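I opened my notebook to record what I looked up in this structure.

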Amino acid sequence: MVPYRCRCGGGLMSTLMVAAVLVCGAVAGTMQVEYSWVYVDYTFASPNHRESAINSGKFIPENCVILDVDIFQGPSEEKLYFNMGSNSNSAVTKQRVFVTVPRIKPGNPASIAEVVPGDRPSSVLLAPYPNWKANTISEETINCDDTIVSVFRTKIDYLGRFWVVDVGTLDQFEMTARSVCPPKLLIFDLKNGDRVIKTYKFPSSQVKDVSLFTNIEVDIRDSKGRNTFAYITDTTAYKLVVYDFKNDESWVIDQAYFYPYPNKAHFKIKGVNFDLMDGILGLALGPIIKNDRKLYFHAFASIRESWVNTNTLQNKSLFQNGLIDGSGTFFLSSEVRETQSSIEVMTDNGVLIYASMDNSLGCWNIQDPFTTKYTHRIYKSDEDFQFPSGMKIVGDKVWAVSSQLQNHFTTMVTNRKSVKYRVLVGRVDELIKRTGCDKRTRFDDDNDEYLVESFDDNILHEWRAVPDTEPWSYSRMSRVFEDKNGAHQTPVKSLVLTGNVNVHGHSKSASLSYDCRMSMINGQLKNRDCLGKSRRRNRVRRGLGPQR
C-alpha cells in the first residue's frame, strides 16, 4: 500500500484533536477489502441440498473462482432518511453487488451471482442470478435459450441494464473443455424486476472453435439508451465483436492490434509460473468529445496500450471483408508499461486505471502521452491483490476483484484456510492524488499541506470552549481548488473550505459554519487567517472547556 505524505500542525491537545485526525488520518492510495472468501459458497435451499451437491460433484468449492464484480445502486424497498446538514429527507439507495464465477472447472453450481453479505466480510454467500433454475446445467437436456452456462465479465450501464455475455463453454481450464451452447448476450433490467430485455445469439460465422468472449464495454449515445453499442473481446481468437442494440446485429473486427506479443506471454505471480497467449482483454471507454469517443484496449500478453475511435468501430461496412489496414485508424502507444495488464477502466474525465500483473494498479491521464513518465503506480499489495481479474468504476469508487487465478494454472496445493478471493474498493481521488493523473489544481508542497490542516485548526480554535461534557461532531462539507490568473498572468492558487461544527447537548444545540478562502500568489500565502470571513451562528458561550 502506498500512503501519501501528511503533516499535522500540532498544538491541538484536546477533544478537538479528532478534527486533526479527520484531516490527516485519511490515507490515500489504498484499496480496502469489502468482501473476501476462502472458498465460494452459495445460498443452497438447505444444508442437505448443499451436502447432496457436494457428494454428487455438482459443487466443488475449490473449483469456483470469482472473476469479476459490478454494482447497481437502485432504490431501496424501505426508504431510510438521514440528515446531511442540507436536505433531511435524503433517501438511501439499495446497493446490489454482482460477481461472476465462470465455469472453468467442474463443480460450479452458478456462474453469475448476487452477493449476500454476512456479519463479517468473510461470511459472504452468493445467490445465483437471476435464480437457481437459470444457472442449473443438465447437459443431456440443456435449454440454451434459458440457461446461463459460463460468464467471465459483465457490465451494468447507467440506465440500470445488466449486460451479461455467456461464453457457452464448460470446464475451460480442463482437458475436457467443451462448448455446450452458442455464445449469447443477455440484457437484464435491474430497475424493473430483473426482467430480460433482450437475448442475442451470436451468429456461428462470428464464433471460432477457439473463441472465448471474456470482456464487455457498453457505449450509450442517447438519453434513452436505444442507440447503444457493446464492444466484446474475443480474447483467444484475437477479435473484437461489436453489437448494435438498436438494430440487434453484430459484426467482427479483425485487427493486428488485438493480437498478443509472444515474448510477453510468460507470467509469474507469487512463485507460480505460467504462459498465456491471450489477445485483447482490457477495455475502457474515453469521454465523449464532439460526438465521438475512443475505446482504449490492450492484449493480455502485451505491455502496450492501443485505442481507436468508436465511430470507426460502429461503421459495419468497414469490416465486412475481414482484416483491414489499421494504420491511421488504430493507434499504439509509443512506450510501454513495466509489466502486463489484465483489465482497465476509465473515469469520466479521462483517467485510465489499469490492473498490472505485479499485483498493482496504475494510472494514466489521456491528456498526456502514454509514456513511462506519465504512467503512475497508485496501489500495490502482494497479499490482497494477486491476479486482479475484474474492475469497475461506480460513482467515485474503484471496485476490483483479486482472484489468485494463477493457482488454477498449476497443480500446486494452496493453503486451504487462506483467503483466495477478494473484492476491494478505493476512492478514485485518493488513489490518483499527488500523481500526474490528477489534473486538478492542488497544493503541492509541505507548506501547502500545512495550510489545509491549519485552516480547520484555526476555525475550531475560534470555538475553543466546547465543554468536555457535550458531545460534538465536525465535518468538512467541501474542499474546492480553483485556478485563477492574476495580473500579468501571475499564477494564483485558491483554496475554498466550507465546514460545520455541531454541539449535540441536552440543551439547545449550537453550531458554527464557515466558508473560507485563501490564496497563494507565486507560492506566497495571502490571507493566512480566514476567521474574519467565517460565518457564525448560535455561537456557544465559552465555558470550562480546554483552552489553547
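First, a definition: helices (H or I, at least four residues) and strands (E, at least two) are DSSP runs, numbered from the N terminus. With that I placed Asp-194 in the loop between β12 (184-189) and β13 (195-201).

**Entry: ground rules.** I noted that this is a predicted model, where local features need pLDDT of at least 70, side-chain atom pairs count only at pLDDT 80 or more, and totals for chains, interfaces and linings use all residues. Residues are numbered from 1 along each chain as its sequence is written, and side-chain values use heavy atoms, with hydrogens and water left out.

**Entry: confidence.** I looked up pLDDT, the predictor's confidence in each residue, from 0 to 100. The protein chain averages 80, and 70% of the residues score at least 70. Over residues 76-92 the pLDDT is below 50. That stretch has 17 contacts in the model beyond near neighbours in sequence (contact means heavy atoms within 4.5 Å). Residues 442-467 also have a pLDDT below 50, and this stretch has 91 contacts beyond near neighbours in sequence. I reminded myself that where pLDDT is low, the predicted coordinates should not be read in detail.

**Entry: the whole chain.** I found six helices and 35 strands in the protein chain. Buried residues make up 51% of its 548 residues. Buried means under 20% relative accessible area, exposed over 50%, and partly exposed in between (1.4 Å probe, protein chains only). I also looked at contacts between residues at least 6 apart in sequence: 58% of them join residues at least 24 apart.

**Entry: Ser-250.** I went to strand β17 (residues 249-254), where Ser-250 is found. Is Ser-250 buried or exposed? Ser-250 counts as buried, because its relative accessibility is 6%. Next I checked its side chain for polar contacts. Such a contact is a pair of N or O atoms within 3.5 Å; within protein, one must be able to donate a hydrogen and the other to accept it, and residues adjacent in sequence count only if both atoms are side-chain atoms. The Ser-250 side chain makes one with the side chain of Tyr-200, at 2.7 Å. Another, of 2.6 Å, joins the side chains of Ser-250 and Gln-206. Leaving aside neighbours within four places in sequence, Ser-250 is in contact with residues including Phe-202, Pro-203 and Val-241.

**Entry: a sheet.** I traced an open sheet of four strands in the order β24-β25-β26-β27, with antiparallel pairing. Two strands pair if DSSP finds at least two bridges between them. Which strands stand at the edges? They are β24 (341-346) and β27 (375-380); each has a single partner strand, so one side of each is left without a neighbour in the sheet. Inside this order, β25 (residues 351-356) and β26 (residues 360-365) pair in the antiparallel sense over six bridges. I picked out Leu-352, whose bridge partner in β26 is Trp-364.

Entry: Most residues other than glycine have a negative phi, and most peptide bonds are trans. I then listed exceptions. A cis peptide bond joins Tyr-129 and Pro-130, with omega about -5°. Pro-130 lies in the loop between β7 (125-128) and α3 (132-135). Asp-194 is not a glycine, yet has a positive phi of about 60°. Asn-291 has a positive phi too, near 65°. I found Asn-291 in the loop between β20 (280-285) and β21 (294-299). Asn-291 counts as exposed because its relative accessibility is 65%.
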